[in-house]
Structures are given as structure tokens and as C-alpha cells.
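These are my notebook entries from a sitting with a structure that was new to me. I wanted to know how its parts are laid out, one part at a time.

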Amino acid sequence: MGRVSGKVALVTGAARGQGRSHAIELAKEGARIVATDVGAGMLAGVEYPVATSAELQETARLVRDLGGEILIAEADIRDPAAIQAVVDAGLAEFGYIDVVVANAGVFTWGAAPEMSWDDWFTVIDINLNGTWNTVRAVLPSMIARGQGGSIMMTASQIATRGQSNCVAYGASKAGIVGMMRALAAELAPHNIRVNTIHPSTVYSPMILNEPVYKVFRPDLENPGVPEMEAELRPFHMLDVAALDPIDVSHAVVYLASDESRYVTSLKLALDAGSTQKLG
Ligand SMILES: NC(=O)c1ccc[n+]([C@@H]2O[C@H](COP(=O)([O-])OP(=O)(O)OC[C@H]3O[C@@H](n4cnc5c(N)ncnc54)[C@H](O)[C@@H]3O)[C@@H](O)[C@H]2O)c1
């Protein structure tokens, strides 16, 4: 018996990074997985590549190699009909979805006065509206089943502390917290728990790319991981520059499982103490 045996989990952004890790760890603990990602390679307004179709297929292979069951389907979470189609395919395949890991998102940055209008709308549309589209697509069937559920939304430490040059990203992630609180209150009578996850920095393709190294060291010609890590380490209380996806997945498995049956409306920080660090 795994810790989440019998559960069916929808994971967005599952092609790579944290989402892939969540899909694998949930499958290891017995959940069946509905995995989705955008399969686009590049998105307008995002400076680093998003996931490809091949990466989503690789997630499926990794889960199946563990003996897990997984359905994959692509969708841009900005498109309500597309994410609804993924959910409907998952319901047709597995009968229900009782865990949602709304993890897909993009990181954007830039000085506020220089941001284009489109820069703002892109990140709000993906991170905030896309998270809503994901949850909205699952809710009717989750409520109608009457067996409760667990919804997790990936926010960020930047939802709870001020970070320069991150106004749209910070607003999108803080908006997720507001959504979580309202849903946690509204869905509690259905025994559906709703929580947010707040990682600090995580080693994933979102940060392991040259444009992001430049964010940390704009003064250098060719900064790399060591230069970025030197900037990140002092943010944390514990002696670490960034977390690994598995560090977040452990929390995801906990929140998906009945071990957390009375945990709702929680902002769970996975941040080596960074959010609470003064100076
Ligand atoms: N990496 C970090 O340092 C960090 C820190 C805090 C929070 N987060 C958050 O964690 C979550 C997972 O990010 P990650 O670190 O694994 O990075 P990642 O870039 O590897 O994963 C994000 C996934 O979301 C997908 N995605 C992006 N736009 C999409 C869209 N419109 N429709 C569907 N899928 C889309 C991408 O293709 C990608 O697979 C994100 O919400 C991110 O904001 C990341």
C-alpha cells in the first residue's frame, strides 16, 4: 500500500522540473497520474524554453517504468477548453480526479517602469488564470463524487516577500494565495482541502538557463550556475543555494495523502528558512 494508493492526481507542468518529480513521486506512492504540459518549446513573452512534447512523453515513460499508470495530454493552461479536455480525458480513463497539483507556471522579470503591457498579461494569464482554469475544470466532478480531495497550487516565496523586478510574477503568485484561501473556506464542507506551496529557488529548467543567470549577475559577460548560487545562498537560513525538485515533491505527497487530512488553507514554505530570514 502506497501513501496515496487509490488516488488519481492531475499534475500540470508535468513534463519536467518539479512537475515531473511530483508525478513520479505520487506514482511511486500508488497514485494514478493525469499529466499535462504545454508542449510548445517556446511561448511568446517567456525568455527561456518551456517544455516540449518529448519531455512530457519522457515523464510518462519514467512513471510507467516504475509500474505506474499515467495518462498524458497537452494543453495550454490559459485555454479553459483545453485544460477541461485534459480533465475529461482523465475522468474517462480513471473515473475520478481527487488530487490536483496546479504546478505549471512561468518566471518573468524586469524593471516595472520598462515592462510592456503584454509582459504583465502573459504571466498573470499563465500563473494565475491558468491555475484557476485548472482547478475550475476539476471541481464539479470532485464535488459531485463526494469523497473529498486535495488541491495544491504552486506559488513561490515571492508571493510572501518583496522581490525587485518581479512585479508580475509576485502578483500572480500572491493571487494564488488569495484563491487558495477562498477555495479552502468554500470547499471545506466537501472535505476538499486547498493549500499553497512556496518554494524558494529550485533547480529546474526555469532557473537553469542563461537568461536567468544574467538576472543574478547582469554585470558578468557569461555568468553560470556557480555565480547564481553565490547570490542565492545568502537568502537562506540553512546552508543551501537552491532546493531540488524532490524536496518539494515530498511535501506534495504529504498534502495529497490522508496524512494531511486536517491540513487546509496552509501556505507551506519549502525555502530553507528564506522567507523568515531578516538580513
Ligand atoms: N524553480 C524555481 O526556482 C521556483 C521557485 C518557486 C516557485 N516555482 C514555481 O514552481 C512551478 C514549477 O516550476 P519549475 O521550477 O518546475 O520550472 P519548469 O519551467 O521546469 O516547469 C514549469 C512547467 O510549466 C509548464 N508551462 C509553462 N507555461 C505553461 C502553459 N501556458 N500551459 C501549460 N504548461 C505550462 C512548462 O512547460 C514547464 O514544464 C512553477 O509554478 C514555478 O513558478 C519555481
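Below is what I looked up, entry by entry.

**Ground rules.** I am working with a predicted model, where local features need pLDDT of at least 70 and side-chain atom pairs count only at pLDDT 80 or more, while totals for chains, interfaces and linings use all residues. Residues are numbered from 1 along each chain as its sequence is written.

**Domains.** I began with the domain assignment, whose bounds come from an automatic or database source. It gives domain 1 (8–202 + 244–269) and domain 2 (208–241). Their centres, taken over C-alpha atoms, are 26 Å apart. I then looked up the contact, where two residues count as touching if their C-beta atoms, placed from the backbone, lie within 7 Å. Domain 1 puts in 5 residues and domain 2 puts in 7 residues. For residue classes, Ala, Val, Leu, Ile, Met, Phe, Trp, Tyr, Cys and Pro count as nonpolar, Asp, Glu, Lys and Arg as charged, and the others, Gly among them, as polar. On the domain 1 side of the contact I noted 2 nonpolar, 2 polar and 1 charged.

**Helix α1.** Helices here are DSSP runs of H or I with at least four residues, strands are runs of E with at least two, and both are numbered from the N terminus. The expected span of a helix is 1.5 Å times one less than its number of residues. α1 has 12 residues and reaches 17 Å from its first C-alpha to its last, close to the 16 Å expected.

Is α1 mostly buried or exposed? I call a residue buried if 20 or more other C-beta atoms lie within 10 Å of its own, exposed if 12 or fewer, and partly exposed in between, with C-beta atoms placed from the backbone. In α1, 11 of the 12 residues are buried, so the helix is largely enclosed by the rest of the structure. Gly17, Arg20, His22 and Glu25 are among them. The cover over these buried residues includes β1, β2, α2 (53–65), β3, β4 (99–102) and α8 (245–256). After α1 comes glycine 30, with a positive phi near 105°.

**Helix α3.** This helix runs over residues 80–94, and its 15 residues should span 21 Å, which agrees with the 21 Å between its end C-alpha atoms. Its buried residues are Ile83, Val86, Val87 and Gly90. They sit on the same side of α3, because they cover an arc of only 95° around the axis; the arc is that of the directions from the helix axis to the C-beta atoms. I reminded myself that an α-helix has 3.6 residues a turn, so residues three or four places apart point the same way. The face turned away from the buried side carries exposed Ala81 and Ala92. Over the buried residues I found cover that includes β1 (8–12), β2 (32–37), β3 (70–74) and α4 (117–145). Glycine 95 follows α3, and its phi is positive too, near 95°.

Which residues other than glycine have a positive phi? I noted asparagine 165, at about 65°, and alanine 272, near 50°. Asparagine 165 lies in the loop between β5 (149–154) and α5 (167–187), and is partly exposed with 15 other C-beta atoms within 10 Å. Alanine 272 is in the segment after β7 (267–270) and counts as buried, with 23 C-beta neighbours inside 10 Å.

**Proline 223.** I found this residue in the loop between α6 (210–216) and α7 (225–232). With 19 C-beta neighbours inside 10 Å, proline 223 counts as partly exposed. Leaving out residues up to four places away in sequence, proline 223 touches Tyr213, Lys214, Phe216, Arg217 and Met228.

**Glutamate 186.** My last stop was in helix α5. Glutamate 186 is exposed, with 12 other C-beta atoms within 10 Å. Its C-alpha atom is 30 Å from that of glutamate 74, 112 residues apart along the chain.
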